[in-house]
Amino acid sequence: MLDDFFIRALVAGIGIAMVAGPLGCFVIWRRMAYFGDTMAHSALLGVALSLLMDLNLMVSVFVVASAVSVLLLFLQKRGALSTDALLGILSHSALSIGLVIVAFMTWVRIDLVGFLFGDILAVSRADIDIVWGGGILVVFALVYLWRPLLASTVNPELAEAEGLKPERARLFFMLLMALVIAIAMKIVGILLITSLLIIPAATARRFSSSPETMAVLASLIGAVAVAGGLFGSLHWDTPSGPSIVVAALALFVLSLLPVGRRIESAPHSSHGGHH
Amino acid sequence: MLNFRSPETTTLVSLANAGVCRNGKWLVRGVDFSISRGEIVTLIGPNGSGKTTTAKTAIGVLKPDEGHVERVAGLRVGYVPQKLAVDWTLPLTVERLMTLTGPLKRREIDEALAATGMLHMAKAEVQHLSGGEFQRALLARAIARKPDLLVLDEPVQGVDFSGEIALYELIKQIRNRTGCGILLISHDLHIVMAETDTVVCLNGHVCCRGTPQVVSQSPEYLKLFGRRAAGALAVYSHHHDHTHLPDGRVLHADGSITESCFPDDGHHHGEAGNIHDHEPDCGCGHHTRLQGYDGAEKRDA
């Protein structure tokens with residue numbers, strides 16, 4: 001039968017996939033994939049600082065990822081450089097500063113590969129509690145923020161004009177992203193977190209007729225990817241984090257195959273959209 | 001929508017000397033106007049003249065950097081923005097679009113969609129709509145929430161001539177049935193909706209204001225627009241005492257040129273003294289667009 005560590009990995013991974021689904025939908029809708037990457041990369045700086053100052057790992061990753069997103073907002077408002085240039089600067093410098101700090105600390109030995117690509121098979125009971133506790137918190141927050149977040153995704157000024165608070169929703173959304181990155185780091189690793197956000201959501205798009213179904217489907221597809229990836233990694237002895245991403249990619253590629261008749265059943269022939 | 005409301009004459013929004021400044025540049029300045037329940041105010045002006053900025057200031061999306069904006073407490077706004085692009089990755093049907101900013105009853109959704117002629121498209125994804133259908137869906141969304149103030153930023157963009165007339169008819173019906181105030185931004189400098197109570201012409205400030213002349217009274221326009229259009233459209237004659245030159249300076253009626261055209265610069269005289277028509281070129285860098293409608297008669301007749 002399955003080993004105990006494997007069950008723990010499965011439970012933790014599915015917990016992450018459940019949260020990553022709806023959050024990943026917003027990352028796609030708001031075109032924030034690179035932004036998510038930047039926040040994730042800054043997690044390594046969080047790891048380095050937690051070792052340097054003997055802080056809790058998850059808290060310090062959360063704080064650094066939030067700080068980087070606030071810094072980005074500030075730099076965007078100054079408007080000197082385009083957003084993608086700013087993201088490129090922040091993303092790689094946070095990652096590099098983290099690596100440099102780690103190199104200076106000759107007295108600590110850390111498993112860098114474990115942080116970069118995840119080590120889901122080392123998940124403990126306490127990790128599972130954090131994943132599911134944090135995950136339930138994030139899902140409740142998303143349900144509460146759903147309307148202002150969705151409305152401001154479509155048009156922030158429309159949301160503001162009709163009495164919603166798009167700025168506040170956006171801030172909370174970034175905090176939720178930071179939280180999920182801090183929680184998910186151990187499962188898929190810093191370099192692969194955004195793929196767990198984006199790939200299941202992108203897969204769900206084709207089968208969804210409303211934002212809500214897309215969010216739920218993305219969660220389920222993510223859970224299937226986690227299970228598939230873990231079984232594959234056990235079977236072929238491949239690294240678990242990348243295996244999960246490969247499984248998610250396989251589902252995405254499957255979704256592109258012309259099986260269903262969804263597209264033809266649309267009331268209008270698609271002419272590429274007028275926007 | 002579609003409920004009868006008593007025709008109270010409450011002022012919904014009033015702007016007093018409002019101005020918005022960005023990066024040291026005034027986008028718009030010295031704007032005065034108000035909208036009451038049941039009133040239609042149309043903002044016109046060339047591109048970059050501050051129409052959208054003014055509308056956003058009126059509904060509180062932008063804060064004025066000078067002057068005051070007062071809104072009646074609990075004002076419910078329905079907003080149709082000028083640009084709205086729904087990303088392809090977001091699955092959004094017309095029906096789901098309706099409840100974007102607040103919950104609605106099934107009946108309210110259907111009534112609004114029926115009023116805009118979009119009921120048969122309820123299940124369609126918004127990305128598949130044509131320009132005119134999308135505008136009507138946005139209008140349906142805005143009126144379904146029974147707003148006190150409806151703000152329409154160029155609602156007839158991407159809509160053909162007869163569609164434009166139909167939309168104006170619809171806006172008129174909405175005003176008559178619900179008694180809401182309407183702030184309309186027009187893409188056209190000379191042709192406005194006939195029901196407009198006040199036209200405010202902007203070019204960084206209020207250039208002139210007035211009421212439109214109904215087309216149907218003039219046989220030439222009737223010939224040009226066709227009979228159906230005559231009821232929906234009206235002509236607005238500008239009364240400017242100055243012209244905005246391409247380099248941003250201002251040529252005044254007395255022949256002098258200044259850097260700006262604020263009322264305290266000594267070039268604006270009493271309103272009554274200087275009113276004269278500039279047709280067909282009315283100043284403000286505007287050119288008459290009437291010739292653009294030459295084809296309309298054939299299509300509409």
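Among contacts in chain A between residues at least 6 apart in sequence, what percentage join residues at least 24 apart? The figure is 73%, where two residues are in contact if their C-beta atoms, placed from the backbone, lie within 7 Å.

Before going further, note that this is a predicted model, in which local features need pLDDT of at least 70 and side-chain atom pairs count only at pLDDT 80 or more, while totals for chains, interfaces and linings use all residues. Residues are numbered from 1 along each chain as its sequence is written, and chains are lettered from A, with ligands numbered from 1, in the order in which they are written.

Select chain A and colour by secondary structure: there are 11 helices and 0 strands, with helices (H or I, at least four residues) and strands (E, at least two) taken as DSSP runs numbered from the N terminus. The C-alpha atoms of chain A fill a box of roughly 65 × 55 × 30 Å along the principal axes. Of its 275 residues, 47% count as buried, meaning that 20 or more other C-beta atoms lie within 10 Å of the residue's own, whereas 12 or fewer make a residue exposed and counts in between partly exposed, with C-beta atoms placed from the backbone.

Next, select residues 94–118 of chain A, a span that is 68% helix and 0% strand, with its end C-alpha atoms 18 Å apart. Then move to residues 169–202 of chain A, where the chain is 88% helix and 0% strand and the end C-alpha atoms are 23 Å apart.

Now show both chains and turn to the contact, which takes 28 residues from chain A and 27 residues from chain B. On the side of chain A that touches chain B, helices H1 (4–29), H6 (125–154), H7 (156–161) and H10 (211–236) each supply at least two residues, and the largest share, 5 residues, comes from H7(A). The residues of this side divide into 13 nonpolar, 10 polar and 5 charged, where Ala, Val, Leu, Ile, Met, Phe, Trp, Tyr, Cys and Pro count as nonpolar, Asp, Glu, Lys and Arg as charged, and the others, Gly among them, as polar.

Finally, centre on two loop residues. A:Arg31, in the loop between H1 and helix H2 (33–53) of chain A, has a positive phi of about 55° although it is not a glycine, and A:Arg31 is exposed, with 12 other C-beta atoms within 10 Å. In chain B, select B:Asn23, which lies in the loop between strand E1 (11–22) and strand E2 (25–36); the phi of B:Asn23 is near 50°, a positive value in a residue other than glycine, and with 6 C-beta neighbours inside 10 Å B:Asn23 counts as exposed.
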